[in-house]
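Me: Hey, I'm new to this one and would like a walk through it. Can you take a look with me?

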Amino acid sequence: MALLFFFVFIAITLGITYWAARRTRTTEHFYAAGRSISARQNGFALAGDYMSAASFLGIAGLVSTTGFDGLIYSTGWLVGWPVVLFLIAEPLRNLGKYTFADVVALRLSAVPVRIAAALGTLATVVFYLIAQMVGAGSLIRLLFDIPFEAAVVITGAAMIVYVLFGGMLATTWVQIVKAGLLLGGATLLGGLVLARFSFDPTALFAAAAAQYGDAVLAPGKLVSSPLEAISLGMALMFGTAGLPHILMRFYTVPEARAARTSVFYATGLIGYFYLMTFVLGFGAMVLVGPEAIRAADAGGNMAAPLLAELLGGTPFLGFISAVAFATILAVVAGLTLSGAAALSHDLWVNVVRGGRSESDEELRVARYATVGLGVLAVALGVSLEGQNVAFMVALAFALAASANFPALVLAIFWPRLSTAGAVASMLTGTLSTLLLIWLSPTIQVDVLKHAAAWFPLKNPALVTIPLSFAVGILGSLLWPEPAAEARYRALARQMHLGHEGE
Amino acid sequence: MSERDAVLAQLAARRARIAGALTAAVMVLYFGFILLIAYAKPLLATQLRPGLSLGILLGALVIVISWALTWGYVRWANRHYDPALDELRK
């Protein structure tokens with residue numbers, strides 16, 4: 001039954017890809033879907049690009065086994081979206097073309113800025129991809145009873161096909177279908193839970209408290225160190241505004257106004273979904289029970305599927321499992337496309353070719369890059385079987401928040417940003433995040449089993465974000481670039497009014 | 001600087017102020033919530049009615065208010081920022 005839904009989803013998305021492939025002729029189509037996506041479509045696609053299986057199965061599992069503590073994640077994954085809207089979306093759309101590096105490089109020296117930005121992008125994309133691929137392998141094995149390696153290869157192959165042939169148009173529609181499935185599935189599951197409590201969520205929470213004690217409705221052990229919680233919170237909040245695959249989506253809409261409206265839609269959809277995780281998590285706790293959930297999977301990932309099986313039988317379990325698979329595919333396709341854009345648009349065209357390249361050649365290189373990244377993701381996914389890679393999602397957010405976000409904000413709002421400052425900020429963000437993660441308890445204690453770690457925080461964002469800002473400002477003041485400052489004044493019109501004549 | 005440039009600079013400064021204030025608001029909202037979790041655990045455990053702890057209510061409010069802030073910004077931009085830009089385009 002589950003396999004049936006699985007194949008139906010694959011068939012539908014391959015149909016979309018075939019349709020999109022016939023409309024993907026130029027780089028503008030491949031990277032930006034011809035800038036033809038409407039604000040509402042982009043809102044759904046952003047939600048589909050962003051909500052990973054970790055947030056669907058992971059948070060539901062966390063809430064069902066720990067109660068309130070899981071909800072801390074539900075809020076953390078959402079609060080970056082207002083920041084995307086207020087600081088980034090519109091200027092990004094008006095100043096750039098395909099990647100966020102376009103915006104930073106616009107008034108600075110292209111070559112060093114593009115190299116540094118591509119490094120930050122690729123580091124973010126690769127770590128996020130590894131986390132998704134390994135997660136996909138384990139989940140698909142659990143849900144569909146397919147071997148780990150085969151599951152990773154199927155995921156990688158589907159992702160490569162969508163991006164390679166259908167580019168951004170296919171990726172967008174896979175993300176829209178996924179968002180619809182995920183929101184519909186969560187609504188249906190949540191509705192079935194609430195129907196047992198006369199549609200009163202507080203009655204559900206009260207039932208959880210009656211069975212497992214009032215403590216499940218109150219903060220527990222998760223936030224024992226405030227600094228740790230703030231550091232993770234900063235990574236989630238500012239990382240969302242620096243994720244390359246999210247930023248790239250703003251180039252798919254016709255103009256800045258649509259970019260703005262699409263974030264409003266996306267925030268509403270994602271917020272609604274995370275509110276539903278309250279119901280799904282406590283519903284699984286009360287109806288399935290934490291012991292049964294932990295018995296099925298120690299990480300709690302089976303909470304939502306088990307709840308679906310209990311409430312709707314095998315067909316509903318199959319549907320929810322297919323939704324989880326769709327969720328993974330939509331995210332990895334977006335990630336791969338943004339990585340391919342960094343390799344082709346930023347590195348090949350603007351560094352190797354010095355900005356002079358035919359559209360045909362850029363498209364060809366982007367397709368090679370897609371296959372290369374896809375094969376790399378599959379190889380890393382297969383080789384890391386059984387490793388705990390959950391921390392890599394938090395690492396990807398920390399990288400995005402430290403390497404990409406500060407340079408982007410400075411480029412948009414600070415006239416005096418110079419090439420030296422921007423490059424120093426992006427390199428410092430990337431390298432300091434990687435170094436501090438390596439020295440953190442996450443690697444030293446959890447992975448390498450050492451007794452202690454050099455750096456006390458599991459997530460380094462509390463240190464690395466301010467550091468990247470400071471280095472960017474200091475570098476710009478030490479090596480000023482009056483010509484870049486003059487170009488900022490000249491670009492003021494474009495930042496607000498957009499590309500003239502578009 | 002022409003008159004147009006001056007109008008644009010003023011508009012840019014206004015948008016930056018609003019964007020900055022709203023970003024600060026969402027940071028206070030979320031990090032305030034985290035600090036309450038860290039330092040006021042018993043307070044958040046208080047149940048306003050059976051099943052509804054203050055912590056759960058505030059968690060839901062963080063999500064709802066975040067969305068309301070994006071709504072507020074979009075409303076301002078549609079009513080004031082866009083018409084001002086249209087003036088400049090003429």
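This is a predicted model: local features need pLDDT of at least 70, side-chain atom pairs count only at pLDDT 80 or more; totals for chains, interfaces and linings use all residues.

Me: OK, how many helices and strands are in chain A?

Reply: Chain A has 21 helices and zero strands. Helices (H or I, at least four residues) and strands (E, at least two) are DSSP runs, numbered from the N terminus.

Me: What about the largest nonpolar core?

Reply: That core has 227 residues, and Val104(A) and Ala304(A) have the most contacts inside it. Helix α15 (residues 303–352) of chain A gives the most to this core, with 29 residues. A nonpolar core here is a set of buried Ala, Val, Leu, Ile, Met, Phe, Trp, Tyr and Cys residues joined through C-beta atoms within 7 Å.

Me: Which residues does Ala304(A) touch?

Reply: Leaving out residues up to four places away in sequence, Ala304(A) touches Phe56(A), Leu57(A), Ala60(A), Leu189(A), Leu280(A), Ala284(A) and Ile320(A). Contact means that the C-beta atoms of two residues, placed from the backbone, lie within 7 Å.

Me: Phe56(A) is in that list. Is α4(A) mostly covered or uncovered?

Reply: Mostly covered, with 14 of its 14 residues buried. Helix α4 (residues 53–66) of chain A is followed by Gly67(A), whose phi is positive, near 80°.

Me: How do the axes of α4(A) and α15(A) cross?

Reply: They come within 9 Å and cross at roughly 145°. On the α4(A) side, the contact includes Phe56(A), Leu57(A) and Ala60(A), and on the α15(A) side Ala303(A) and Ala304(A) are among the residues involved. Axes are lines fitted to C-alpha atoms, for helices over the stretch in contact, and angles run from 0 to 180 degrees between N-to-C directions.

Me: Switching to chain B, what's its pattern along the sequence?

Reply: Chain B reads α-α-β-β-α. Its radius of gyration is 20 Å, well over the 12 Å that the globule rule gives for 90 residues, so it is more spread out than a compact globule. Of those 90 residues, 28% count as buried.

Me: How many residues of chain A are in contact with chain B?

Reply: 44 residues of chain A are in contact with 43 residues of chain B. On the chain A side, α13(A) gives the largest share, eleven residues. That side divides into 31 nonpolar, nine polar and four charged residues. Ala, Val, Leu, Ile, Met, Phe, Trp, Tyr, Cys and Pro count as nonpolar, Asp, Glu, Lys and Arg as charged, and the others, Gly among them, as polar.

Me: What do the buried residues of α11(A) pack against?

Reply: Among their partners are α5 and α6 of chain A, along with α1 (3–39) of chain B. Twelve of the 15 residues of α11(A) are buried, so this helix is largely enclosed by the rest of the structure.

Me: Last topic: what's the phi of Ala33(A)?

Reply: Positive, about 50°, although Ala33(A) is not a glycine. Most residues other than glycine have a negative phi. Ala33(A) lies in the loop between α2 (27–32) and α3 (39–50) of chain A.

Me: And Ser198(A), where is that?

Reply: Ser198(A) is in the loop between α9 (148–195) and α10 of chain A, and its phi is positive too, near 40°.

Me: Which of those two is buried and which is exposed?

Reply: Ala33(A) counts as buried because it has 27 C-beta neighbours inside 10 Å. Ser198(A) has 8 inside 10 Å, so it counts as exposed.

Note on methods. Residues are numbered from 1 along each chain as its sequence is written. Chains are lettered from A and ligands numbered from 1 in the order in which they are written. A residue is buried if 20 or more other C-beta atoms lie within 10 Å of its own, exposed if 12 or fewer, and partly exposed in between; C-beta atoms are placed from the backbone. The expected span of a helix is 1.5 Å times one less than its number of residues. The radius of gyration is taken over C-alpha atoms; the globule rule is 2.2 Å times the number of residues to the power 0.38.
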